[in-house]
Amino acid sequence: MLQLLINGLIAGSLAALIAGGLALVYGILGVFNLALGQMVLIGGYTTWWLHQVMGVSLFLSILGGMGTGALLSWGVFAVFIVPFYKRHRFLPLVTTIALGMILDGLILLAFQESPRSIITEGKMPIRFMGTYLNLPQMIMIMLTVLLLCLFAWVMHGTAFGRRLRAVVQHDYAAMSLGIRAPVLHRLIFIASGVLAACGGIFIGVDMNLSPTLAFPLTIKAYAAVIAGGKGNVWGAIFCAYAISLLEQLVVGVHWFGTLYIPAGFQSTVALLVIILFLLLRPQGLFSSTTRAA
Amino acid sequence: MKRLALLTVTSMLFLSACQPSAPTTIKLGYIGPLTGDVAGLGVDTLNGVKLAVDTVNATGGINGKQVVLIAEDGRCNGSDSANAAQKLVNVDKVVAIIGGQCSGETLAAAPITEAAKVILLSAVSSSPDVTKAGDYVFRDYPSDELKTTAMAKLLTEKNLKKVAIISENTDFAQAFRTSLKAKLGAEAVVFDETVDAGTKDFRTLMTRLKTIQFDVFIPDGNSDSIIGPMLQQFREAGFSQAAVSHDAADSVTMAKNLPAATNGLMVINTPSSVNDPAFASTFTQKYGEPQYGLAFAGFAYDDANVLFEAFKAVGTDGTAVKDYLYALKEFKGVSGTFHFDKNGDVVGIPYVLKQFQSGSIVKLSDISVD
Amino acid sequence: MTFFLHIVAMICILLFPVLGYNLVFGKGKIMHFGQEAQSIVAVYTLLVLTTQMHLSYGFSFFCALLAVSCVSLALAWLSLRLTPDGFGVLSIALQLMFLAVVLNWQSVTRGALGISGIPRAPWPEAQGLFVMIMVSSAVLWIACMWVIDTSIIGRQLAALSEHPWYGEAQGISRRRLHIIVFLLSGVGSLLSGAFYSSYIAFLSPSDYDFPAMIFFVMCVVAGRPGSVRGVTIATILLVVLREGIRFIGLPIHLIGPVRLILFGLILFVAVWIRRDSLFPRQRTV
C-alpha cells in the first residue's frame, strides 16, 4: 500500500510539473496549448543530446535542456500565440495543433525513433520498510517539491508575484494599475515551457524518451487543470498528484472481490476525470475567484 | 492560391505518370511504417531490403536488369497502407511488394495486391489473420504459432511453470500473448495484464505482482522502448525470477542502456546469420545499429533475396512468381533455410536462445521447433 | 486509372464526416473535436454485428444508426450544457475513451488486431461500380449539405454562432439546432464507416486516432469554415496533396517527418489567413 503511494508520488511529480505550467497558461491567457507534450519531449531530448552525444556534464545538460525549453516556448509564444490570441482565444487551439505536428516531424528528423535514456548507469533502488525508490527518483521528487515551493514563494512572497496574481484575477484591471500584462503573459508562457522541459528531463532520466509520448502527456495535464479549477495553480498541482495516485490505485487494488480493473484502462482515469468534472463540477475542485469588473 | 496548388499537384501527378518505364529495370515496392509508434521497425526492414537491392545491383542485377526500390509509408494503419499499395500496384506497376510490416498494413494491402496478382511478401506481420489473407500473400516471418511453440518448449526445459506476462496493446504483442496463452494453458498464466500502447510506468503492476507466486516474467512489448522500462522496474521491485522475452527485446541499445536490469534476460530470436555469418557486420557497417533489431532487417533482406531468386528463375510475372514460391523447396536466407507452406506461411525458421550478460548479448543454444 | 479511382474513393469516404463536421465546427462554431468518437461507435457497431455476430447488414446498419444517434444526441446535450472550451476538451476525452474501450474489449472488437476479411457484401464487387456508388452518394451528400447550409437551419446556425443570446432572443432554438447538426454529422460518420470498411475490407482502431481528427479540422479550416464548397475543395486538395507527396521523390526516410511538418505548416498558414473569420468576434452594440 505504501508502495502504491510512492508510485503515485513518482508519477504525480511528473504530472505536476507539466500541469502546473499549463494551469498558469490556461488560467491566465485562456490559451490552449496542445503542443505541450511535444515541448516536454524537446526539453528531454536536448538534455539527452547534450549529455550522451556531446558529453556535457549532467548538471549542465539539464540546464541546457531547461534553457532550450525557455527559448522554444518564447519562440512559440511569439509566432503561434501572440498573433492569434487577441483575435480570438480559441485560435491558438488550432495553431498549437499545427505546432505539434511540426515539432513531431522535427523530433523524428533530429532524434529518430529508438528510445533515448539520459542516464544509462545502473540505478540501484534504496529499500525502506518494504518499499523501494531509486536515487534519481528521490532527487526528482525533491526537486519538484523544491521547484513548486520556489514557485509558491515567488507567487505569494514577492512584488512580482503580486503583480502576477493581479493579472490572473483581472487582466485589464491590472493593466490599468500600471502592470505590464503582456510582458507577464510572455513570462508565464516561458515558465510553463521550462516546467515542461523539466518534465521531459524527468522522463528521460527515469524511463526513456520516444517520439510518440507527447499526446497522452498533454491530455493528463489537461485533466489535472480541469479538475483543479481554471486558473488555480495549486488546485492543478494537487489534482495532478491525485490523478496519478488514482491511476495507480485503479490497477493496484482489488475493486470487486478478486477482480482487478484491466491495466489497459489505466489511461482512461484521466479521461474520466475530465468528463466527470466537466459534467458535474465544471468550476473544478477548488474554484478560483475571478473578480469581475 | 487554390488554383496554384491544384496546378502544382496535377503537374506533379502528371510528371510522375510520364516517367518512361524503362524495360531495363525491375520495380520492387516496399510498404512499412516510416512514421508513428513503430517507425523504427520500418527503418530496419527498409534498410534490410535496401541492402539486398544494392547487393544484387552491384553484381549486375537480375538477368541484366537493375532493381529499383520504391518505398511507401504505411504508417502502421489500414488506410495509409491501402493508399500506398494502390499507388505501388497501379501507378508504379511494381512486380512485387515487400510489406506491410504491421499486420494491419498487410491485411489492408492484401485485397489490392490480390486483385492485381502482385506478390505481397511480409517481413514482420505476425497476426494469424495473415495466413488467410490471400493466394499472393506470403510472409517469411514465422507466425506466432511457431514463436510461442519455441517459447513453450524453452519454459518446459527450464522447468518454469507459472508465467507472469505483461503485454502492450498492439497487434504484434497481443497476437503473441493470445498464442502463448493457448500453448501454455490458462492455469499456467498466473498474471496476465495488457497495458496501453506506449505505457512506461509499470510500478503498480509490479507491486501487485509481489503478491503472486510465479516462476518467470515475460515482458511482451512491441519494442525495447517499452520492454526496457518494464524490466528496469521489475528488477527495481526486487524480483529475482527469470525473465524471458521474444525478438522485440533482442536490442543492443537496451543492453547498453540498462546493463544491470537486463542482466540474465533470455530472449528467443531467429539467428539472422544462418547462411551468411557476415550479415550483421555488413548491415551495421552500412546503416549503423538497427533501431528495433537485426532479426527484422534479416527477414526483410531474405524477402528481397527470395524474390530475386524467383525473378531470375521465372521472370517477373506475378502468377509465375507465386507458383515458384509455393513450389520452392528451400531457400538459404540469413534467418534460416526455409520454404513456404500452402498458405504462404514460412516453414523452417530456426530459433536461438540468447542471454543478456552485463551489457552484451550472448548466444546460448539453438532451439529446434518441429 | 485504378489509382485515380482509389483516390476518388478516399475523397468520397472523407467527405461524409468532413462536411458533417463542417456544419458543427465550421458553421456552428461549436468547439467539437470528437467527430471520430461518433465514427468509432458507428463503424464498430456495424461491423461487430455483421462480422462477429453474423446479423444481416440491413439490421446492423439500423442498429449502428441508432447507436450513432445516441452518441450524437449525448454530444449535442453536452455541447449545450458546457462552456465551449470545456466541451472541446471533453469531446477529445470522449474520443480517446471510446478508442480505449475498443482496444481493450478484445473479445468483441478484436482489439488492436482489428477486424479483417470484411465482405464487400451489400456493395458491388467491381471497384469501378463501387466507386461510382460512392461518388454519387457523396454528390448527394454534398447537395444535401448545401441545401441545409442555405436553408433556414444554416442561417439560424450562423446567427447563433455570431451571438448566441441575440440569436435566441430572435426565437432560434439552440437545442433544436445542436441536435440537428450533431445527428447529421453522426450520419456522415456512419456512411463513411460503412463505405470505408467494405472498401478496404479491413478495420483497425488506429484509423480512428487523434491525428485522423486533426485532418478533419484541417479540411474545415483550410476550406473556409462553414462553406460547403470551400471545404469540399479543400478536402479534395488535401487528399491529393497527401498522396501527391509520394511522387516528389524525397529520400525515403524523410517522407514521414516532412509530411508531418508540411501539413503542420499548411494548417498554420490556413489559420493565419482565416484568423479573423475562423471564430468571428461577437458583435457588440
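1. Start with chain A. Helix α3 (residues 58-85) of chain A and helix α8 (residues 181-206) of chain A have axes that come within 8 Å and cross at roughly 135 degrees. Axes here are lines fitted to C-alpha atoms, for helices over the stretch in contact, and angles run from 0 to 180 degrees between N-to-C directions. That angle makes α3(A) oblique to α8(A). The cut-offs: under 35 degrees is roughly parallel, over 145 roughly antiparallel, 65 to 115 roughly perpendicular, and the rest oblique. α3(A) passes α8(A) in a right-handed crossing. A crossing is right-handed if the near helix is turned clockwise from the far one by less than a right angle, and left-handed if anticlockwise.

2. Who makes that contact? On the α3(A) side the residues include G65(A), G69(A), W74(A) and F77(A). On the α8(A) side they include R186(A), F189(A), G193(A) and G200(A). By class, the contact of α3(A) with α8(A) has 14 nonpolar, 7 polar and 1 charged residues. Contact means that C-beta atoms, placed from the backbone, lie within 7 Å. Ala, Val, Leu, Ile, Met, Phe, Trp, Tyr, Cys and Pro count as nonpolar, Asp, Glu, Lys and Arg as charged, and the others, Gly among them, as polar.

3. On provenance and numbering: this is a predicted model, in which local features need pLDDT of at least 70, side-chain atom pairs count only at pLDDT 80 or more, and totals for chains, interfaces and linings use all residues. Residues are numbered from 1 along each chain as its sequence is written, while chains are lettered from A and ligands numbered from 1 in the order in which they are written. Helices (H or I, at least four residues) and strands (E, at least two) are DSSP runs, numbered from the N terminus.

4. Chain C has a helix pair too. The axes of α2 (residues 35-52) of chain C and α9 (residues 174-200) of chain C come within 8 Å and cross at roughly 50 degrees. That makes α2(C) oblique to α9(C). Their crossing is right-handed. From α2(C), the contact residues include Q35(C), S39(C) and L46(C). From α9(C), they include G186(C), S189(C) and S197(C). The contact divides into 6 nonpolar, 9 polar and no charged residues.

5. Next, the contact of chain A with chain C. It joins 32 residues of chain A to 34 residues of chain C. On chain A, the elements giving two or more residues are α4 (91-111), α9 (214-228) and α11 (268-280). The largest share of that side, 14 residues, comes from α4(A). By class, the chain A side has 24 nonpolar, 6 polar and 2 charged residues.

6. Chain B also touches chain C. Here 38 residues of chain B are in contact with 33 residues of chain C. Elements of chain B that each supply at least two residues include α1 (2-18), α2 (39-58) and β2 (66-73). The chain B side has 17 nonpolar, 15 polar and 6 charged residues.

7. Chain B is divided into domain 1 (23-142 + 275-335) and domain 2 (144-269 + 351-367). These bounds come from an automatic or database domain assignment. The C-alpha centres of the two domains lie 29 Å apart. Their contact takes 14 residues from domain 1 of chain B and 18 from domain 2 of chain B.

8. Which order do the strands of the parallel sheet in chain B take? This open sheet of 5 strands runs β2-β1-β3-β4-β5. Two strands pair if DSSP finds at least two bridges between them. β2 and β5 (137-139) of chain B stand at the edges with a single partner strand each, so one side of each is left without a neighbour in the sheet. Strand β4 (residues 119-122) of chain B pairs with β5(B) over 3 bridges. There, L121(B) stands opposite F138(B). Helix α12 (residues 294-314) of chain B packs on the sheet and touches β1 (25-32), β3 (96-98) and β4 of chain B.

9. Two backbone details deserve a look. Most residues other than glycine have a negative phi, and most peptide bonds are trans. C76(B) is not a glycine, yet has a positive phi of about 60 degrees. C76(B) lies in the loop between β2 and α3 of chain B. A cis peptide bond joins G99(B) and G100(B), with omega about -15 degrees.

How values were computed
Contact = placed C-beta atoms within 7 Å.
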